[in-house]
Amino acid sequence: MTVETAVVLGPGGPVGTAWLAGLAAGLRREGVDLGAADLIVGTSAGAIVAAILASGGDLDRLAVLPPPTDPGGVRTDPQRLAEVFATLGDAELERAEALRRVGRLAITASTGGEDAAIARMRSLVGAAEWPNRPLLIPAVDAETGEAVIWDRHGSASLPEAMAASIAFPATAPPITIDGRRYIDGALRAGTNVDLAGDARVLIVAEPMAHMSGTNGVTAGEGVVVRLVPDAEAIEAFGPAITDRATWVPAYQAGVRQAPDTAGRIRACSMIT
């Protein structure tokens, strides 16, 4: 697929969500609206911000972490989470088998109900319907390990697709769609930049670049603009991307990076 401008927003837990939201909000103030891209791809944390951008929603609603709609509805299962990381880190396992195993761990983990997870996504994005524009949200089948790419033509509602894409095994419940259960889209291919095709301008925001490195995918003969947390943002994040206490500093760090980022985007893109 060839498009003029594509925006890809990667995974990063609650802290990454806040930074992405702050960056996108700051860019809007600078006259650069990432939501005006011809294609938006959002994975895990990136799916939340991508959905708000594509829907034309208010990013400032995430300046402070909204309270959960059901405080006890979604929770982490520490024992299963340790098993998930051990499985993903097992170099002797083929990737497909590792995904099937962590999918089974996700299904058996004590992480709360799906309804609470879906309701949380609906409250964060402020919308229940897919926007009428190209938005892709990947997830992974918990039983087969195969990927699915949700869009407005699929059977998942927007909150369901978001909840599935952020459902990292043992931290959130797998989401059931058409009788199949789905987990975190980052398990497919990290930031999933390949879904942007051969965009002339590819803008990739990677909240976890300082932890996992940047992806080597290019935009064919086009231009790649990589947006990553700077040293001050990384310090604001703290040691754990799941620490909701650092949400506000992470959001503000994104806003602070926006002016310089806007100049880089304007130099090669017509997004306004």
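Q: How do the strands β1 and β2 pair, and over how many bridges?
A: Strands and helices here are DSSP runs numbered from the N terminus (E of at least two residues for strands, H or I of at least four for helices), and two strands count as paired if DSSP finds at least two bridges between them. In this predicted model, local features need pLDDT of at least 70 and side-chain atom pairs count only at pLDDT 80 or more, while totals for chains, interfaces and linings use all residues. Residues are numbered from 1 along each chain as its sequence is written, and side-chain values use heavy atoms, with hydrogens and water left out. Strand β1 (residues 5–9) pairs with β2 in the parallel sense over 4 bridges, and Val8 has Val41 of β2 as its bridge partner.

Q: What handedness does the unit made by β1, α1 and β2 have?
A: A crossover is right-handed if, with the strands pointing away from the viewer, the path from the first strand over the helix to the second runs clockwise. The unit made by β1, helix α1 (residues 13–29) and β2 is right-handed.

Q: Which residues does UniProt list for "active site"?
A: UniProt positions are given in the numbering used here, with feature names shortened, and annotations may be inferred rather than shown by experiment. The unreviewed UniProt entry lists Ser44 and Asp184. They span 141 residues in sequence, yet no two of their C-alpha atoms are more than 6.1 Å apart, so they gather at one spot. Both Ser44 and Asp184 belong to the lining of the largest pocket; on a 1 Å grid over the protein atoms alone, a pocket is an open set of points with protein on both sides within 12 Å along at least five of seven lines, and lining residues have an atom within 4 Å of a point.

Q: Where is Ser44 found, and what is Ser44 in contact with?
A: Ser44 sits in the loop between β2 (39–42) and α2 (45–55), and Ser44 is buried, at a relative accessible area of 6%. Contact means heavy atoms within 4.5 Å; leaving aside neighbours within four places in sequence, Ser44 is in contact with Pro11, Ser165, Ile166 and Asp184.

Q: What does the side chain of Asp184 make with the side chain of Ser44?
A: A polar contact is a pair of N or O atoms within 3.5 Å, where within protein one must be able to donate a hydrogen and the other to accept it, and residues adjacent in sequence count only if both atoms are side-chain atoms. The Asp184 and Ser44 side chains make such a polar contact, at 3.0 Å. Asp184 is found in the loop between β6 (180–183) and α7 (186–189) and is buried, with a relative accessible area of 3%.

Terms used. 1 Å grid on protein atoms, 1.4 Å probe; cavity = no way out; pocket = protein on both sides within 12 Å on 5 of 7 lines; lining within 4 Å. Buried < 20%, exposed > 50% of the residue type's maximum accessible area, 1.4 Å probe, protein only.
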